[in-house]
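Good morning, colleagues. Please keep the sequence and the structure in view while I speak.

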Amino acid sequence: MKNKDIISQAEQYILHTYNRYQIALDKGEGVYLYDAEGKKYLDFAAGIAVFALGYQDKEYNDALKEQIDKLIHTSNLYYNQPAAEAAEKVVKAAGMDKVFFTNSGTEAIEGAIKVARKYAYLKDGSTDHEIIAMNHSFHGRSMGALSVTGNPHYQEAFKPLIGGIRFADFNDLDSVRAELTEKTCAILLEPVQGEGGIYPADQEFLDGVKAICREKDILLIFDEIQCGMGRTGEMFAWQHYGVQPDVMTCAKALGCGIAVGAFVLNEKVAKASLVPGDHGTTYGGNPLACAAVSKVFDIFENRRIVEHVREISAYLEEKLDLLVDKYDFIRARRGKGLMQGLVVEGRPVGEIVNRALDNGLIVITAASDVLRLVPPLVIEKEHVDEMLEKLEQSF
Ligand SMILES: *Cc1c(COP(=O)(O)O)cnc(C)c1O
């Protein structure tokens, strides 16, 4: 089948909620993808920061195949070993206490919102608590997650959203203080904003937010869905800052391609929030998803993936900074580790992305003016060099 046949079939039957790039991807190998006509692309998007280990990793694939042949699903009415193992690995990596597995990042955010409300409810019995979220954040598209996503354009047509949400400016502590009320039960933020344009948090901001939360017994919730799982050069981005949240959400690279998310709680919150009957999911934490999570953590440890990210991202940053110097229309580089953005001014960033596709390079955008680079975490220097060559061709 040709790309165009697949595209026209898809456009006939799939609800048009995405303006997709005009290629149909067919298979992956290492850090390369191939379209339906066999054209090869260097992948610097990793399915939006998901496929951290590259495609066709034998150890990962074998673990999944073995689990498929054993048991894929049981429901949460029973225990299963992959879930127990995956839970231990997530909790220990975060130095936290308990985890709840979901099917997506969005659902992890929904869970975190419920945790915050329940924690506050148990303290004072009232049902009008507020959450402070950030402008330019992204947390998902369901009604709860959309309600805490600081992008009016995404929200407008779907109002009324859930109540009790206030928005502050990221990296502006005074603006957070201005939104605090007696009813505030949580502050939610991404340690490195992703969709909003790749903005890392400042140390003082996270320190300040943490201090507010501690003083007022408000929950600090970090959305690590995009910036977590080694992407920034620490397992979780908050580990750069030494600021541990009360609740953390994960997804994207957590299962490296299998749909799975999680929210993770510290002991204080785990002991005083959700109890049986409060929350559930049919699929969440099923043996197949958890076999993936478990294997991902093993591979991260055995192959020292996080250390590799630190090394290779230093090289990538150095090279990207040269582009900022060389081209006037590239105004700045922002990011941490293998989560990088180039700020493009004076020409549409989408055009560069399309030309990159022509040249066999997959990159994506963030916000309206940022070229986003979130490659598989296993890229090597030669892939950085190849990316730069193809990107410069596309300028
Ligand atoms: C992708 C993303 C989400 C939503 O995750 P889904 O798996 O698409 O539901 C939430 N928060 C952040 C920071 C994300 O990048």
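I shall speak about ring contacts, a pocket, a helix and some backbone features.

This is a predicted model, in which local features need pLDDT of at least 70 and side-chain atom pairs count only at pLDDT 80 or more, while totals for chains, interfaces and linings use all residues. Residues are numbered from 1 along each chain as its sequence is written, and side-chain values use heavy atoms, with hydrogens and water left out.

I begin with the aromatic rings. Rings of Phe, Tyr and Trp (its six-membered ring) pair if their centres lie within 6.5 Å; planes under 30 degrees apart count as stacked, over 60 as edge-to-face and the rest as tilted. By this rule the model holds nine aromatic pairs. One of them joins Phe 51 and Tyr 60, edge-to-face, at 6.3 Å centre to centre with 75° between the planes. Phe 51 and Tyr 60 are both buried, where buried means under 20% relative accessible area, exposed over 50%, and partly exposed in between, with a 1.4 Å probe and protein chains only. Ring pairs also bring Tyr 55 into a cluster with Phe 51 and Tyr 60.

Why does the pair of Phe 236 and Trp 238 count as stacked? The ring centres of Phe 236 and Trp 238 are 6.4 Å apart and the planes meet at 10°, so the pair is stacked. Phe 236 is buried because its relative accessibility is 0%, and Trp 238 is buried at 5%.

Arg 141 lies over the face of Tyr 154, 4.0 Å from the ring centre. Arg 347 has its charged end over the ring of Phe 329, at 3.6 Å from the centre.

I turn to the second largest pocket. On a 1 Å grid over the protein atoms alone, a pocket is an open set of points with protein on both sides within 12 Å along at least five of seven lines, and lining residues have an atom within 4 Å of a point. The second largest pocket holds about 840 Å³ of space, a volume being the space filled by probe spheres set on the points. Its lining has 27 residues, and Asn 76, Lys 98, Val 99, Phe 100 and Phe 101 lie nearest the centre. Helix 4 (81–94), strand 4 (98–102) and strand 12 (261–265) each give two or more residues to this lining. Strand 4 gives the largest share, four residues. Helices here (H or I, at least four residues) and strands (E, at least two) are DSSP runs, numbered from the N terminus.

Helix 15, residues 381–394, spans 20 Å from first C-alpha to last, close to the 20 Å expected at 1.5 Å a residue. Its buried residues include His 383, Met 387 and Leu 391.

Finally, the backbone. Most residues other than glycine have a negative phi, and most peptide bonds are trans. Ala 49, in helix 2, has a positive phi of about 60° and is buried at 1% relative accessibility. Arg 304 has a positive phi of about 50°, and this residue lies in the loop between helix 12 and helix 13. Is Arg 304 buried or exposed? Arg 304 is exposed, with a relative accessible area of 52%. The peptide bond from Lys 159 to Pro 160 is cis, with omega near 5°, and Pro 160 lies in the loop between helix 7 and strand 6.

Methods:
The expected span of a helix is 1.5 Å times one less than its number of residues. A charge sits over a ring if NZ of Lys or CZ of Arg is within 6 Å of the ring centre and within 35 degrees of the ring normal. On a 1 Å grid over the protein atoms alone, a cavity is a set of points where a 1.4 Å probe fits but cannot get out, and a pocket is an open set with protein on both sides within 12 Å along at least five of seven lines; lining residues have an atom within 4 Å of a point.
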